[in-house]
Amino acid sequence: MSAPGAGWALRSAAAADVEKIAELRAVVMRADLERLGRYDEHRVRQRLRDSFSTRHTSIIVIDGDLGGCVTVRPAEGRQWLEHFYLAPPWQGRGLGSAVLRAVLERTDAQGMTMALNVLQGSAARRLYERHGFVVEAQDPIDVFMVRPPGASTAAKA
């Protein structure tokens, strides 16, 4: 899946990607996890290794380089958006919205609800809200959000 003229594409993840993605996760999540008092050098990487699935993970490729990743996994009658990380140079440039739109088009076509969790206070929550996600539940660490298929979103325009 790619976006013509956008300079990025999604490719299936390979087992060889796991360490690069684990490191990307550690970099991207560090500030939020530290703010919440939850950052652990080993655990932040190990959680990715323990749940990494080549079957459900796509690598975001930009000009041949790793730009990020996204996992969409079926569970509990929904599709779960997990491990959606962009390398810092690509954050805040519209890539997250473009990738999320592509992923949501697929789940909308399947008539599936998309769910995710985001850390409390994370800037990523605004991205998800712009794409039609609403809060389903929350605790002191996580905000659980859902988006029914075809939910209206200002970001589609």
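This is a short chat about a predicted model of one protein chain.

Me: What confidence does the chain average in pLDDT?
Reply: The model is predicted. Its chain averages a pLDDT of 92, and 92% of the residues score at least 70.

Me: Where does pLDDT stay under 50?
Reply: Over residues 1-5. For that stretch the model has 7 contacts beyond four places in sequence. Where pLDDT is low, the predicted coordinates should not be read in detail.

Me: OK, overall layout. How many helices and strands are there?
Reply: The chain has 4 helices and 8 strands. Along the sequence they run β-β-α-α-β-β-β-α-β-α-β-β. The radius of gyration is 15 Å, close to the 15 Å from the globule rule for 157 residues, so the chain is as compact as a globular protein of that length.

Me: And what does the C-alpha trace span?
Reply: About 40 × 40 × 30 Å along its principal axes.

Me: How much of the chain is buried?
Reply: Buried residues make up 46% of the 157.

Me: Let's look at α1. How many residues does it have?
Reply: Helix α1 covers residues 18-35, which is 18 residues. From first C-alpha to last it reaches 26 Å, close to the 26 Å expected.

Me: Where is the kink in α1 centred?
Reply: On Met29. The kink is about 55 degrees. Met29 is also one of the buried residues of α1.

Me: Which others in α1 are buried?
Reply: They include Val18, Ile21, Ala22, Leu24 and Leu33. Arg25 and Asp32 are buried too.

Me: What follows α1?
Reply: Gly37, with a positive phi near 70 degrees.

Me: New topic: cores. Which residues have the most contacts inside the largest nonpolar core?
Reply: Trp8, Ile60, Leu81, Phe84, Val99 and Tyr128. The core has 24 residues. In soluble globular proteins, nonpolar side chains tend to be buried together.

Me: Which element gives the largest share of this core?
Reply: Helix α3, with 7 residues. Among the elements giving two or more residues are β2 (8-12), α4 (124-130) and β8 (142-147).

Me: What is Leu81 in contact with, leaving aside its neighbours in sequence?
Reply: Its contacts beyond four places include Val70, Val72, Leu100, Val103, Met114, Leu116 and Tyr128.

Me: What lies apart from that core?
Reply: Another core, of 17 residues. Ile21, Ala22, Tyr39 and Tyr85 are among them. Ile21 and Ala22 are buried residues of α1.

Definitions and conventions
Residues numbered from 1 in each chain as written. Predicted model: local features only at pLDDT ≥ 70, side-chain atom pairs only at ≥ 80, totals over all residues. Heavy atoms only, no water. Expected span 1.5 Å × (residues − 1). Bend = angle between axes of the 7 residues up to and from the residue. Buried < 20%, exposed > 50% of the residue type's maximum accessible area, 1.4 Å probe, protein only. Core = buried A, V, L, I, M, F, W, Y, C linked by side-chain atoms within 4.5 Å. Contact = heavy atoms within 4.5 Å. pLDDT = per-residue confidence, 0-100. Rg over C-alpha atoms; globule rule 2.2 N^0.38 Å.
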